Amino acid sequence: MLQSVSSPAARAAEPASPGIRRALVHIERHFTEALYLDELAAVAGLSVCRFVTVFRRQVGLTPHRFVCRQRVRYARVLLADGVPAAQAALDAGFFDQSHLSRHFKSVYGTTPGRYLREQVQSPPSRTVSIARPEQAAFSRVPISRPV
């Protein structure tokens, strides 16, 4: 069967350039914090418009979707460890619990509450582990729209 040109597998065929790899490392270290496109583009050494285009071509997702997926995966680990949903949402970098729920459902096809109920009924073996990123020691004033 032919893959769609817009599928993530088709778009992610291009290997990540050094600049995009630097941005990915930055995202992995700081995904619970507010991330800004201009900041990520600077880490990659690209303009904002070029960064979004290249990131999507090489990673298969836009920077915003990639960051949201990282946050959702981390929130899922926190939920599985017994952290309340509202606290997991905040710890993972979401604005509130409904923000987490919306993104969680788009990634996993179910709400966090239903996910937890299903986990209690049949707990799977956990093989995914996402390390807690270090929190920034300083506060920044945003200069553009967050990712």
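Trainee: Which residues in α7 do His64, Cys68, Arg69, Val72, Arg73, Ala75, Arg76 and Leu79 in α5 meet?

Mentor: Bear in mind that this is a predicted model. On the α5 side the meeting involves His64, Cys68, Arg69, Val72, Arg73, Ala75, Arg76 and Leu79. Their partners in α7 are Leu100, His103, Phe104, Val107 and Tyr108.

Trainee: Is α5 roughly parallel or roughly perpendicular to α7?

Mentor: Two packed helices are described by the angle between their axes and the distance between the axes. For α5 and α7 the axes lie 9 Å apart and the packing angle is about 100°. Angles of 65 to 115 degrees count as roughly perpendicular, and therefore α5 is, relative to α7, roughly perpendicular.

Trainee: At roughly what angle do the axes of α3 and α4 cross?

Mentor: On the α3 side the contact is made by Leu37, Asp38, Leu40, Ala41 and Ala44, and on the α4 side by Val48, Phe51 and Val52. The axes of α3 and α4 come within 9 Å of each other, and they cross at roughly 75°.

Trainee: Why do the buried residues of α2 line one face of the helix?

Mentor: The buried residues of α2 are Gly19, Ile20, Ala23, Leu24, His26 and Ile27. They line one face of the helix because, seen down the axis of α2, they fall within an arc of 160°. These buried residues pack against three elements, namely α3, α4 and α5.

Trainee: Which element gives the largest share of the largest nonpolar core?

Mentor: This core has 29 residues, and those touching the most other members are Ile20, Ile27, Phe51, Phe55 and Phe66. Two or more residues come from each of α2, α3, α4, α5, α6 and α7. With 7 residues, the largest share belongs to α5.

Trainee: Which residues is isoleucine 20 in contact with, leaving aside its neighbours within four places in sequence?

Mentor: Isoleucine 20 is among the buried residues of α2, and it is also one of the core residues that touch the most other members. Leaving aside neighbours within four places in sequence, its contacts are Ala44, Leu46, Phe51, Val54, Phe55, Gln58 and Val59.

Trainee: Does threonine 110 count as buried or exposed?

Mentor: Threonine 110 sits in the loop between α7 and α8. Apart from neighbours within four places in sequence, threonine 110 is in contact with Phe104, Lys105 and Tyr115. Its relative accessibility is 9%, and a residue under 20% is classed as buried, so threonine 110 counts as buried.

Conventions:
Residues are numbered from 1 along each chain as its sequence is written. This is a predicted model: local features need pLDDT of at least 70, side-chain atom pairs count only at pLDDT 80 or more; totals for chains, interfaces and linings use all residues. Side-chain values use heavy atoms; hydrogens and water are left out. Helices (H or I, at least four residues) and strands (E, at least two) are DSSP runs, numbered from the N terminus. Buried means under 20% relative accessible area, exposed over 50%, partly exposed in between (1.4 Å probe, protein chains only). Contact means heavy atoms within 4.5 Å. A nonpolar core is a set of buried Ala, Val, Leu, Ile, Met, Phe, Trp, Tyr and Cys residues joined through side-chain atoms within 4.5 Å. The arc is that of the directions from the helix axis to the C-beta atoms. Axes are lines fitted to C-alpha atoms, for helices over the stretch in contact, and angles run from 0 to 180 degrees between N-to-C directions. Angles under 35 degrees count as roughly parallel, over 145 as roughly antiparallel, 65 to 115 as roughly perpendicular and the rest as oblique.
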